[in-house]
Structure formats: C-alpha cells, structure tokens
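Please keep the sequence and the 3D view open as you read.

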Amino acid sequence: MKEFNSLEDILDFAINEEQMAADFYTELAGKMKHQEMKDTFEQYALEEIGHRSKLEAIKNGKKYQVSEAKIADLKIADYLLDVDVDKTNITYQEALILAMKKEKIAFRLYNDLASAATDEPSKKLFLMLAQEEAKHKLRFEVEYDNNILTEN
C-alpha cells in the first residue's frame, strides 16, 4: 500500500487520482457513438475536475467535513463481467460497467487508506474521499438500473 508522510501527500495523491478519473471519462466520451452518451461522460469528467478543485482548495487551507450520511450500495457492479477498455467503440452499458468498477476500486482504496491511517486528520480525509467515490458509484448504478436493467 502507498505510504504517505503528510496530509499534503494524501491530497497530492487524491488530486492526481481525480485528474486520472477526469481523463478516463473524457476517453470514454470519445468512444461513444451517440452524442447523448458522449455528453454524459463529458459531464462526469467535468465533475471529476470539480472534485480535483475541491481537493486543491483543501490543500490550500479550506476546511472540510466528513458527512455522517451512509451512501447506498446497490452492488450491481459486483455481479457484472469486466469490459475490455481498449475497444474503440464500446456500448453505453459497457461504459457504465467500466465506470462502476472504477469507482468501486477507488472507494476501496480510500477506505483501506483510512483504515491504515495513523492520525485522525488523515483518516477523516480518506473517509471523505471514499464517500465521494461511493456517491459516484451509486450514481452509475442507478443509471445502469434505470437504463440497462429496466430495458432488459
């Protein structure tokens, strides 16, 4: 597991993760055939950039708070097969699966880092980041449920 020496290290790591997520969604948008799907993933990329900006603000001294609210987990991603990321054209269903699995991995990473944290500020920051990823995953699961499972 990655070792962090300071809150600044954690924030730098998380800022980089958010940028990689934005790049991931931008790439997914480029693989969509339909404009509506392209627009959806471009919007997700913009949201990740917003998260990066939020983390940069925290790094620059802005206070943050970990919400006590529990984020639902529909566990849809747990039962879906992996998708080949390298395909040129992927379906909306495949793109949603990729997104759910990516957010699930990010959630687990931040939860594991929170468990391993030795100081309270680091633990709280990792829990906040895990909660953000859980929200993303839930949104993709709801989208999948509404637009894929409902059609089937």
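## Helices H1 and H4

Start with a crossing: H1 passes H4 in a right-handed way. A crossing is called right-handed if the near helix is turned clockwise from the far one by less than a right angle, and left-handed if it is turned anticlockwise. H1 covers residues 7–31, and its axis comes within 10 Å of the axis of H4, crossing at roughly 15°. (Axes are lines fitted to C-alpha atoms, for helices over the stretch in contact, and angles run from 0 to 180 degrees between N-to-C directions.) H1 is therefore roughly parallel to H4. The cut-offs are these: under 35 degrees is roughly parallel, over 145 roughly antiparallel, 65 to 115 roughly perpendicular, and the rest oblique.

Which residues of H1 and H4 meet? From H1 come Leu 7, Ile 10, Leu 11, Ala 14, Glu 18 and Tyr 25, and from H4 come Pro 121, Ser 122, Leu 125, Phe 126, Leu 129, Glu 133 and Phe 140. By class, this contact of H1 with H4 has 10 nonpolar residues, one polar and two charged. Here Ala, Val, Leu, Ile, Met, Phe, Trp, Tyr, Cys and Pro count as nonpolar, Asp, Glu, Lys and Arg as charged, and the others, Gly among them, as polar. Contact means heavy atoms within 4.5 Å.

## What kind of model this is

This is a predicted model, in which local features need pLDDT of at least 70 and side-chain atom pairs count only at pLDDT 80 or more, while totals for chains, interfaces and linings use all residues. Residues are numbered from 1 along each chain as its sequence is written, and side-chain values use heavy atoms, with hydrogens and water left out.

## The whole chain

How many helices and strands does the protein chain have? There are four helices and zero strands, and from the N terminus on the elements run α-α-α-α. Helices (H or I, at least four residues) and strands (E, at least two) are DSSP runs, numbered from the N terminus.

Of the 152 residues in the protein chain, 39% count as buried. Buried means under 20% relative accessible area, exposed means over 50%, and partly exposed lies in between (1.4 Å probe, protein chains only). The chain exposes about 8,900 Å², and carbon and sulfur atoms supply 50% of that area. Accessible areas come from the Shrake-Rupley method with a 1.4 Å probe; for residues, only the protein chains shown count as cover. Now look at contacts between residues at least 6 apart in sequence: 74% of them join residues at least 24 apart.

## Helix H3 and its partners

H1 and H3 pack at an angle of about 175°, with their axes 11 Å apart. The two helices are therefore roughly antiparallel. On the H1 side, the meeting residues are Phe 13, Ala 14, Glu 17, Ala 21, Phe 24, Tyr 25 and Leu 28, and on the H3 side they are Ala 95, Leu 98, Ala 99, Lys 102, Glu 103, Leu 109, Tyr 110 and Leu 113. This contact of H1 with H3 has 12 nonpolar, no polar and three charged residues.

H3 (residues 92–116) also packs with H2 (residues 35–59), at an angle of about 15° and with the axes 11 Å apart. H2 and H3 are therefore roughly parallel, and their crossing is left-handed. Met 37, Thr 40, Phe 41 and Glu 48 of H2 make the contact with Tyr 92, Ala 95, Leu 96 and Glu 103 of H3. These residues divide into five nonpolar, one polar and two charged.

Leu 125 sits in helix H4, which covers residues 120–149. Is Leu 125 buried or exposed? Its relative accessible area is 0%, so Leu 125 is buried. Not counting residues up to four places away in sequence, Leu 125 touches Leu 7, Ile 10, Leu 11 and Tyr 64. Lys 104, found in H3, has 17% relative accessibility and therefore counts as buried. Leaving aside neighbours within four places in sequence, Lys 104 is in contact with Asp 78 and Lys 137.

Lys 135 belongs to H4 and is partly exposed, with a relative accessible area of 38%. The C-alpha atoms of Lys 135 and Glu 103 are separated by 8.8 Å, although the residues are 32 apart along the chain. Ile 49 lies in H2 and is partly exposed at 32%. Ile 49 and Gln 19 are 30 residues apart in sequence and 6.4 Å apart in space, C-alpha to C-alpha.
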